[in-house]
Amino acid sequence: MTTSPHPTELLDGSSELTPPPCHPVRGRANAGIFTLLDRYQHHLLGARKRELLADLPPTVVELGSGTGASLRYLPEGTRLIAVEPNVHMHPALRRHAASRGVELEIRQESAERTSLPDASVDAVICTLVLCTVPDPAAAVAEVRRILRPGGRFIFIEHVRAGSRPLGRLQRIVARPWRYTFEGCELDRDTASIVAAAGFEDLRIDHFRLGGLFVPIWPQIGGTAIA
């Protein structure tokens with residue numbers, strides 16, 4: 001099921017955060033790119049994803065499901081609530097969910113403020129997504145809001161480089177990279193953002209991805225408990 005967000009005024013006078021309009025060219029292009037890169041991403045991150053996504057509950061929320069790169073790691077019969085604002089990702093996401101026996105609900109809304117109730121889910125997963133959301137701290141706070149006490153936030157993200165040569169490369173390609181990949185920021189200190197969110201328990205591993213996409217070699221992966 002797909003729901004489309006509409007701006008609404010809240011009781012406190014603020015407005016719902018809605019995803020920015022999907023670019024008609026870059027949105028489609030990114031859907032195609034990530035479909036083509038599905039197997040390569042599995043080659044690079046498969047073992048780590050398989051470890052982090054083990055023993056998931058029957059219902060899982062995923063921020064930025066894209067074309068379904070994480071679906072192969074979910075048990076058959078899992079119910080996935082996919083928060084994915086890019087409508088061009090949805091057809092591939094539906095196909096992959098159907099082929100893997102995953103019950104899919106797509107929510108075309110902002111990661112910073114979903115329509116999910118407080119303390120309503122047991123697990124949220126997020127892979128290479130916090131680099132693109134306009135306010136990553138708000139997105140992580142939203143994860144805390146919707147997780148039940150003891151629920152898990154599982155993440156893999158590329159981050160700011162610690163070494164000078166790689167950091168310089170990130171700065172050089174930052175602008176075209178941001179344009180091509182719909183706002184993707186190469187130099188976010190995502191580990192500090194997650195650490196500042198106030199989770200009860202937090203494990204973060206820093207690792208080097210390797211492969212063709214050198215600017216995103218510095219990565220983190222981990223689990224935070226609400």
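Tutor: Let us start with accessibility: a residue is buried under 20% relative accessible area, exposed over 50%, and partly exposed in between, with a 1.4 Å probe and protein chains only. This is a predicted model, in which local features need pLDDT of at least 70 and side-chain atom pairs count only at pLDDT 80 or more, while totals for chains, interfaces and linings use all residues. Residues are numbered from 1 along each chain as its sequence is written, and side-chain values use heavy atoms, with hydrogens and water left out.

Student: Why does Arg-107 count as buried?

Tutor: Its relative accessibility is 15%, and buried means under 20%, so Arg-107 counts as buried. Arg-107 lies in strand S4 (residues 103-107), where a strand is a DSSP run of E with at least two residues, a helix is a run of H or I with at least four, and both are numbered from the N terminus.

Student: What makes the approach of Arg-107 to Ser-115 a polar contact?

Tutor: The two side chains come to 2.6 Å, and a polar contact is a pair of N or O atoms within 3.5 Å, where within protein one must be able to donate a hydrogen and the other to accept it, and residues adjacent in sequence count only if both atoms are side-chain atoms. The side chain of Arg-26 also reaches the backbone oxygen of Tyr-179, at 2.9 Å.

Student: How do you know that Arg-26 lies over the face of Tyr-179?

Tutor: Arg-26 is 4.1 Å from the ring centre, and a charge sits over a ring if NZ of Lys or CZ of Arg is within 6 Å of the centre and within 35 degrees of the ring normal. The charged end of Arg-144 likewise sits over the ring of Phe-199, 5.7 Å from its centre. Arg-26 itself is found in helix H1 (residues 26-36), and although Arg-26 and Phe-181 are 155 residues apart in sequence, their C-alpha atoms are 7.5 Å apart in space.

Student: Why is the aromatic pair of Phe-34 and Phe-181 called tilted?

Tutor: The structure holds 5 aromatic pairs. In the pair of Phe-34 and Phe-181, the centres are 6.4 Å apart and the planes are at 50°. Rings of Phe, Tyr and Trp (its six-membered ring) pair if their centres lie within 6.5 Å, and planes under 30 degrees apart count as stacked, over 60 as edge-to-face and the rest as tilted, so this pair is tilted. Because Phe-34 lies in helix H1 and Phe-181 in the loop between helix H5 (164-180) and helix H6 (190-195), the pair ties together parts that are 147 residues apart in sequence.

Student: Are Phe-34 and Phe-181 buried, exposed or partly exposed?

Tutor: Phe-34, at 32% relative accessibility, counts as partly exposed, whereas Phe-181, at 18%, counts as buried.

Student: What makes Asp-55 an exposed residue, and what is its phi?

Tutor: Asp-55 has 71% relative accessibility, so it counts as exposed, and its place is in the loop between helix H2 (38-52) and strand S2 (59-63). Its phi is positive, about 60°, although Asp-55 is not a glycine. Most residues other than glycine have a negative phi. Leu-128 also has a positive phi, near 55°, and is found in the loop between S5 and H4.
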